[in-house]
Amino acid sequence: MHDDASSAIATARAARRPARWRAWLLVAGALAGGVAACGGSDAPAYCADRSALARSLRDLGEVDVRTGGVDALTDQLSVVQRDADELADSARDAFAPQASALRSATARLEGSVRATIADPTADRISTTVADASDVVTAFGDLSDAIGSRC
């Protein structure tokens with residue numbers, strides 16, 4: 001088992017740069033997938049916040065790390081984190097479990113992205129992709145709970 005882990009780490013380090021770009025593209029794709037816009041002028045604040053997070057997740061999927069580098073990705077992830085926090089705050093009273101799950105998922109993603117940037121091992125990249133998927137799921141669950149209230 002130790003040899004398999006050592007081999008995976010060695011392989012990840014050998015392919016560090018190309019793997020890093022592919023990993024970020026996977027993360028961005030996972031976050032951008034399945035995001036739907038919503039909103040309305042007379043709707044509760046969480047409707048506009050849900051639309052803002054949908055836009056920031058789509059924008060994350062459009063980040064070109066080849067031209068903008070990892071900084072472009074982390075900058076957009078900061079926007080996603082801000083928009084997720086705003087949505088969790090505005091939806092907290094009406095949808096506490098889903099808002100809490102979204103906040104937790106985005107916090108985990110932020111931590112895994114930082115860890116992956118610092119040391120992009122195969123395990124950390126895998127965790128980051130899984131955490132990105134969890135953000136999409138949490139956002140979808142909150143959006144489903146909000147449903148037609150917007």
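**Contacts and helices**

Author: Let's start with a residue: Cys150 touches Ala43, Tyr46, Cys47 and Arg50, leaving out residues up to four places away in sequence. Keep in mind that this is a predicted model.

Reader: Where is Cys150 found?

Author: Helix H6 covers residues 122–146. Just after H6, Gly147 takes a positive phi of about 50 degrees. Cys150 is found in the segment after H6.

Reader: Is Cys150 buried, partly exposed or exposed?

Author: Buried would need a relative accessible area under 20%, and exposed would need over 50%. Cys150 comes out at 29%, so Cys150 is partly exposed.

Reader: How far apart in space are Cys150 and Ser51, C-alpha to C-alpha?

Author: Ser51 is one of the buried residues in H3. In sequence, Cys150 and Ser51 are 99 residues apart. In space, their C-alpha atoms are separated by 10.0 Å.

Reader: What span should H3 have at 1.5 Å a residue, and how far apart are its end C-alpha atoms?

Author: H3 has 17 residues, and at 1.5 Å a residue they should span 24 Å. That agrees with the model, where the end C-alpha atoms of H3 are 25 Å apart.

Reader: How do H3 and H4 run relative to each other, roughly parallel or roughly antiparallel?

Author: H3 (residues 45–61) and H4 (residues 65–91) pack at an angle of about 160 degrees, with axes 8 Å apart. Angles over 145 count as roughly antiparallel. H3 and H4 are therefore roughly antiparallel.

Reader: How many nonpolar, polar and charged residues are in the contact of H3 with H4?

Author: H3 passes H4 in a left-handed crossing. By class, the contact has 13 nonpolar, three polar and five charged residues.

Reader: What is the relative accessible area of Ala84?

Author: Ala84 sits in helix H4. Beyond its neighbours within four places in sequence, Ala84 is in contact with Leu53, Leu102 and Thr106. Ala84 is buried, and its relative accessible area is 0%.

Reader: What separates the C-alpha atoms of Ala84 and Arg50?

Author: Along the chain, Ala84 and Arg50 are 34 residues apart. Their C-alpha atoms are separated by 8.2 Å.

Conventions. Residues numbered from 1 in each chain as written. Predicted model: local features only at pLDDT ≥ 70, side-chain atom pairs only at ≥ 80, totals over all residues. Heavy atoms only, no water. Helix = DSSP H or I, 4+ residues; strand = E, 2+ residues; numbered from the N terminus. Expected span 1.5 Å × (residues − 1). Axes fitted to C-alpha atoms, helices over the stretch in contact; angles between N-to-C directions. Parallel < 35°, antiparallel > 145°, perpendicular 65-115°, else oblique. Left-handed = near helix turned anticlockwise from the far one by under 90°. Nonpolar A, V, L, I, M, F, W, Y, C, P; charged D, E, K, R; others polar. Buried < 20%, exposed > 50% of the residue type's maximum accessible area, 1.4 Å probe, protein only. Contact = heavy atoms within 4.5 Å.
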